[in-house]
Each structure stands twice: as structure tokens, then as C-alpha cells.
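Here is a friendly note to read alongside the structure. Keep the 3D view open and look up each residue as you go.

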Amino acid sequence: MPGEIPSRGPGWAESILVLLPLRLGLAALFGYAAVLKIMDPQSFAFAIKAFQILDPAEHAHLLTGFAFGIPWAELIIAVLLVLGFWTRGAATLLALMLAAFTAGLASLIVRKIETECACFGEQEFLCSGAVGLCHLGRNAGLLLLTLLLAWRGGGRLSIDRARNPACFASDEVESSEKDA
Amino acid sequence: MGKQAIPVQVLAIIGLATACGAVHSLFEPIRVDRQSRGFTLPGDPGDQTDADPADPSAPEPSPEQASTEADTVEDAADPVDPQVADQAGDGKIPLEIAAQLHERAMMGEPIWFLDARLRDDFDEGHIAGALFMAHTHVSSGEGLDELMSFSPPEANDLIVIYCTGGDCQASEDTAILLEAAGYANIAIMAAGFDEWAAAGLPTEGP
């Protein structure tokens, strides 16, 4: 529309130096965590139960649903992030999940319940032992990185870019003007 | 696809994950709660144990228990009233009842104490004669094989599981997996190991 300032998509430098490593890093982290959980859903169900938010006697179906659904969601998100397809949607869902996990961890600390995070299956990532401030800080950091990806999108090296080049048209016009 | 499609993308991913999870659950069912919280104590009228002291195929006490076995089973502590043992009806027994059962286990009765805490905690100290049995140890098959080698489910021996007490869920988790493996006579010690040790009851480890 006349007078409207076109939104500017990520440039090549941002795409290659920031967004691509971010996508691949988050995909590797959550993809690995997802595979561990998918291979042992029973342990992940116990990990969710240990949060003591859902009563297993009354909400067994919900616990079971989360135990199977969350790891598959993480795996699908990881694949989407690698491809750069639906990057904003995948990053948004990952951010929502991270926010929920972080709130759950905070509630454990407030309620003084000592349990392990099991956020990455039986593996530890940066933090170890019972849930504490380290886990909260780690999740907050991951949340910020995920929000950055949800805001900026997959960048130029992504399927999103190939499917919708119009988002980057303003950059190309600007580049050609500079060249001229 | 523009920004307005993000909610659609999110819902599509959730839907796909739900479908994948639903199919996965058909092939690998899990349990999140116990089927039954009842248990029978050795000597109860309702005790259906098949264990026979004269039967050579009967489960042998673990090495730890055998080393402390008393001369005769008749010297065992007084029988425990199941009503007293499980006052809350939640399959949990108080510390004093667990101590009585432990005394009987040390005398060779088919009662087994399992430690559901983490391996490091177990190595630092555990109830005398107890076996390491975190839920991961059961699900890996290693712990279950070990338990079955001297106390198969058919024996209906009493199994007492403990963890750190309080809000600890580890005992429940181990109990759920043992139930799935066929063990039906399971009691959970309401108190944790620290309370046990603080009460001056028998422990092992550094």
C-alpha cells in the first residue's frame, strides 16, 4: 500500500550467523531430548507425575497424553526447525512449552518438592541433581532464544523463505538501490 | 505464510504430535498409578503366600539377609496387625511397623526391602539388607531379573519399598512397575531413609 513501510526480513548476515545456528542448536537439543523420551515414555510419565500437579488417580489419561504427546511435539518441532519450515509456529509452540515447563519447575521450588527435572530424559543439560534455580535459569535462557526465533523467523536459509520470498522483497529492493 | 498463520501452525503441530503419541501409546502402554494398594503381611489370615520353608525351591534370602538370619523363624517379632499397619488404607506403613517387618526379614521371613532412591543415595547408605530398585533399574530389566531370581511374583512375598519419604514419588513408581511385572503384595514405607537412620534402625553403607 502506498505510504506503508514494508517490514524488513532478516538479512544474510543475521540468517547465517544467528538464525541458522539457533535453529540447528535448538533442533539438536530438543530432538535429542525427544528421542530419549520417546524411547522411554514410562520414565517420562513418572517425571511428569513427580511434579505433583496432576493426581494420577484422577487424571491418568492426561498424564499419559502428556507423556506421549510432549516428546512427539518436541521431535516434530526439531524437524521443522532444521528445515526452516513453519519456523515461527514451531518456535512459538516451543516457547509455550518452555514457559509451561519453567512454571512447573518454579512451582516445585516454591512447594519445596525435591525431584529431578528429567527435562532431557535421563541426561543432564547444564544443570544436574534436584530441580533448583539453575534449571530455572537454563529454561529462561532457552525461552529467550526461542522467542528470538519466533520473532525473527527462519531467515534466508529456510523453506519459509523459499515459499514466501515477498517477505524479503524490501531487502532486495534496498540492495539493488544501493548497487545502482 | 504470514504471521496471522502462526496459531494455525501451532495447532497443526499439536494435532500431529497428538496423533503420533496416540499411535505410539498403542504399541507401548504405560502405567501412572497403582492397580491396588492392598497387601498382606506374613502370618495374616488372608496371607496367600506359597512360600514353604521346607520347600527347596522357595526363595532364599538375599546374601545380606542370610548373613543376619536368626536361628529360628519362631523367634520372629510379634505378628503385625494389618489394620495397624495400613491405617490410612493407602498401602503405606508407618516407620514402627516397617521396623518390625525388617526385624522379621532379618530373621529369614520372606519380606524384602527395596530402595527406590537414586543409585548415589543408595550407595551412600541404605536399610540393612535392602536392594537397589529405582524405577529405572526395574524398567531396564536388570533390577527385575535380580528380584525374580530369589523372589518370583508367584511367591507373593511381602515387598516393602522406601525412598526419601515425604513427597517422594520414587517408591510409588517402583511399585507401579513391579505390579506390572506381577508382584501384588507391595507395601510402601511412609517414612524415608533419613527417618529410618535417625531412629537408629539398622543401615548399611558408609
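This is a predicted model: local features need pLDDT of at least 70, side-chain atom pairs count only at pLDDT 80 or more; totals for chains, interfaces and linings use all residues.

1. Let's begin with the largest pocket. It holds about 990 Å³ of space. Of its 37 lining residues, those closest to the centre are Glu114(A), Thr115(A), Glu116(A), Leu118(B) and Ala170(B). Which elements give two or more residues to this lining? They are α2 of chain A, along with α5 (119-124), α6 (135-139) and α8 (170-180) of chain B. Sorted by class, the lining of the largest pocket has 14 nonpolar, twelve polar and eleven charged residues.

2. Next, turn to the second largest pocket, with a volume of about 800 Å³. It is lined by 36 residues, and the closest to its centre are Ile48(A), Phe66(A), Ile70(A), Met97(A) and Phe101(A). Two or more lining residues come from each of α1 (12-39), α2, α3, α4 (87-110) and α5 of chain A, and from α1 (6-27) of chain B. Here the lining has 25 nonpolar, eight polar and three charged residues.

3. Now for the charged pairs. Side chains of opposite charge can pair when their charged atoms come close. How many salt bridges are there over all chains? The count comes to seven. One of them is between the side chains of Lys49(A) and Asp173(B), at 2.9 Å from N to O. Lys49(A) belongs to helix α2 of chain A and Asp173(B) to helix α8 of chain B, so this pair joins two chains.

4. Arg104(B) pairs with Glu109(B), their closest N and O atoms being 3.1 Å apart. Arg104(B) counts as buried because its relative accessibility is 4%, and the cut-off for buried is under 20%. Glu109(B), at 11%, is buried too. Asp123(B) pairs with Arg119(B), and here the closest N and O atoms are 3.9 Å apart. These two residues are four apart in helix α5 of chain B, which means that about one helical turn separates them. Asp123(B) is partly exposed at 42% relative accessibility, and so is Arg119(B) at 37%.

5. On the surface, look for a nonpolar patch made of Trp12(A), Ile16(A), Leu17(A), Val18(A) and Leu157(A), with about 490 Å² of accessible area together. Leu157(A) sits in the loop between α5 (133-152) and α6 (159-163) of chain A. This residue is partly exposed, with a relative accessible area of 39%.

6. Finally, two backbone angles deserve a look. Gln52(A) is not a glycine, yet its phi is positive, near 55°. You will find Gln52(A) in the loop between α2 (41-49) and α3 (60-83) of chain A, where it is partly exposed at 26% relative accessible area. Asn156(B), also a residue other than glycine, has a positive phi of about 55°. Its place is the loop between α7 (142-150) and β5 (158-162) of chain B. With 17% relative accessibility, Asn156(B) counts as buried.

How values were computed: Residues are numbered from 1 along each chain as its sequence is written. Chains are lettered from A and ligands numbered from 1 in the order in which they are written. Side-chain values use heavy atoms; hydrogens and water are left out. Buried means under 20% relative accessible area, exposed over 50%, partly exposed in between (1.4 Å probe, protein chains only). Patches are made of residues with over 30% relative accessible area and no salt bridge: like charges are joined within 9 Å, nonpolar side chains (Val, Leu, Ile, Met, Phe, Trp, Tyr) within 5 Å. Accessible areas come from the Shrake-Rupley method with a 1.4 Å probe; for residues, only the protein chains shown count as cover. A salt bridge is a side-chain nitrogen of Lys or Arg within 4 Å of a carboxyl oxygen of Asp or Glu. On a 1 Å grid over the protein atoms alone, a cavity is a set of points where a 1.4 Å probe fits but cannot get out, and a pocket is an open set with protein on both sides within 12 Å along at least five of seven lines; lining residues have an atom within 4 Å of a point. Grid points are joined across faces, edges and corners, and a volume is the space filled by probe spheres set on the points. Ala, Val, Leu, Ile, Met, Phe, Trp, Tyr, Cys and Pro count as nonpolar, Asp, Glu, Lys and Arg as charged, and the others, Gly among them, as polar.
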